[in-house]
Amino acid sequence: MNQTAAAPAATSKPSGSMLTVLIALGANTLIALAKTVAAIITGSASMVAEAAHSWADAGNEVFLMVAERKSGQAPDASHPMGYGREGYIWSMFAAIGLFTAGSVVSIYHGITQLGNHEPESDYRIAYIVLAIAFVLEGISFLQARREASEGARKAGVGLLHHISRTSNPTLRAVFAEDAAALVGLLLAAAGILAHQLTGKAVYDAIGSILVGLLLGVIATFLIGRNRDFLSGQAVDPSVRARVLQRMLDHPEISRITYLHLEYVGAEKVFLVAAVDLTGDESESHVADVLRRLEAEIEDHDLVQRAILTLSSADEASILP
């Protein structure tokens with residue numbers, strides 16, 4: 001029996017994601033300005049790498065803001081499942097920007113500085129800027145960690161597992177970039193300190209290269225995860241199990257023989273299921289029940305749209 005689904009409700013994006021992006025944008029812009037001034041004054045290769053890193057991060061936050069706005073648009077005739085996948089596209093742009101403007105620039109600058117015999121300089125300004133940057137990045141990271149921890153708690157998984165598997169691309173990007181920024185600041189400080197202690201500028205250049213490699217790893221990870229979701233990433237087994245159990249707990253559903261869950265955006269899935277209803281009602285009554293069940297399922301925050309059809313008697317049941 002071919003059934004038509006009830007009209008989907010407007011997408012409701014998590015408000016915490018936009019707040020997380022805004023905090024990261026403000027912090028990275030201030031940090032980028034401060035690092036640029038320090039890099040000009042000191043001539044430190046590590047500070048140049050850190051400045052490039054922060055400018056890349058600030059630019060990426062703009063992409064992530066666009067991702068939040070675009071993916072939050074309500075479904076329409078041209079996009080009946082909503083615009084949730086826009087989030088993965090714009091987050092992909094941000095990750096590519098981090099790779100090119102952050103990683104490549106930092107590695108290239110570090111390599112060009114390897115043969116330089118830069119005279120010793122007063123790096124007090126660099127240390128002050130790095131310390132301020134660490135505090136600001138820490139504030140941004142704590143906001144991202146707070147949001148990620150809440151999602152991990154609801155899903156019943158560890159924090160890093162949630163960051164890796166979450167369907168929210170902006171949360172993953174801000175968390176990963178802020179974590180990389182904190183590590184990068186420590187690498188830059190170590191390179192500058194080694195330069196001061198040994199008088200060899202090569203350590204400063206190595207610091208720049210290490211920052212670039214770190215950004216390259218993070219960017220590659222983010223690009224890969226966005227590609228996975230755009231190409232049809234399977235719903236996490238824990239999510240599928242929760243949805244299946246929730247449906248089987250409904251008093252009007254006897255069994256389920258088919259269940260398809262497909263991500264259509266951050267924390268939003270498209271659900272198709274074949275169900276066997278309790279009782280033996282007429283076709284018109286069954287159609288009404290299916291419509292009502294679809295509407296009830298769509299009331300859940302996770303489900304963007306649900307389509308239910310009837311199971312045949314010979315189809316095997318899906319067990320939780």
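The structure holds 10 salt bridges. A salt bridge here is a side-chain nitrogen of Lys or Arg within 4 Å of a carboxyl oxygen of Asp or Glu. Side chains of opposite charge can pair when their charged atoms come close.

This is a predicted model, in which local features need pLDDT of at least 70 and side-chain atom pairs count only at pLDDT 80 or more, while totals for chains, interfaces and linings use all residues. Residues are numbered from 1 along each chain as its sequence is written, and side-chain values use heavy atoms, with hydrogens and water left out.

Take the salt bridges one by one. Arg225 pairs with Asp228, and their closest N and O atoms are 2.7 Å apart. Both residues sit in helix 7, three residues apart, about one turn of the helix. Helices and strands are DSSP runs, numbered from the N terminus (helices: H or I, at least four residues; strands: E, at least two). How accessible are the two partners? Arg225 is buried, at a relative accessible area of 8%. Asp228 is partly exposed, at 22%. The cut-offs are these: buried means under 20% relative accessible area, exposed over 50%, and partly exposed in between, with a 1.4 Å probe and protein chains only.

Next comes Arg292 with Glu252. Their side chains meet in a salt bridge of 2.7 Å, N to O. Arg292 lies in helix 9 (residues 283–298), and Glu252 lies in the loop between helix 8 (237–248) and strand 1 (253–265), so the pair ties together parts that are 40 residues apart in sequence. Arg292 counts as partly exposed, at 36% relative accessibility. Glu252 is partly exposed too, with a relative accessible area of 21%.

Another pair links two strands. Arg255 forms a salt bridge with Asp276, and the closest N and O atoms are 3.2 Å apart. Arg255 belongs to strand 1 and Asp276 to strand 2 (residues 268–277), so this pair ties together parts that are 21 residues apart in sequence. Arg255 counts as buried, at 15% relative accessibility. Asp276 is partly exposed, at 27%. Elsewhere, salt bridges that share partners join Arg225, Arg227 and Asp228 into one network.

Three strands form an open sheet in the order 1-2-3, with mixed pairing. Strand 1 and strand 3 are the edge strands, and each pairs on one side only. Neighbouring strands of this sheet are turned by 15° against each other on average, direction ignored. Strands of a sheet pair through backbone hydrogen bonds, either parallel or antiparallel. Two strands count as paired if DSSP finds at least two bridges between them.

How do strand 1 and strand 2 run? They run antiparallel, joined by 10 bridges. Leu259 has Ala273 of strand 2 as its bridge partner. Ile253 has Leu277 of strand 2. The hairpin of strand 1 and strand 2 has two residues between the strands, and Glu267 takes a positive phi near 55° there.

Strand 2 also meets strand 3 (residues 303–310). Seven bridges join them, and these two strands run parallel. Val269 stands opposite Val303 in strand 3. Eight of the 10 residues of strand 2 are buried, so this strand is largely enclosed by the rest of the structure.

Back to helix 9, which also holds Ala295. Ala295 is partly exposed, with a relative accessible area of 34%. From Ala295 to Ala306 the separation is 11 residues in sequence and 7.7 Å in space, C-alpha to C-alpha.

The last stop is a helix pair. Helix 2 (residues 45–71) and helix 7 (residues 202–230) pack at an angle of about 25°, with their axes 7 Å apart. That makes helix 2 roughly parallel to helix 7. Axes are lines fitted to C-alpha atoms, for helices over the stretch in contact, and angles run from 0 to 180 degrees between N-to-C directions. Angles under 35 degrees count as roughly parallel, over 145 as roughly antiparallel, 65 to 115 as roughly perpendicular and the rest as oblique.

Which residues of helix 2 and helix 7 meet? Helix 2 brings Ala45, Ser46, Ala49, Glu50 and His53, while helix 7 brings Asp204, Ala205, Gly207, Ser208, Val211 and Leu215. Contact means heavy atoms within 4.5 Å. By class, this contact has five nonpolar, four polar and two charged residues. Ala, Val, Leu, Ile, Met, Phe, Trp, Tyr, Cys and Pro count as nonpolar, Asp, Glu, Lys and Arg as charged, and the others, Gly among them, as polar.
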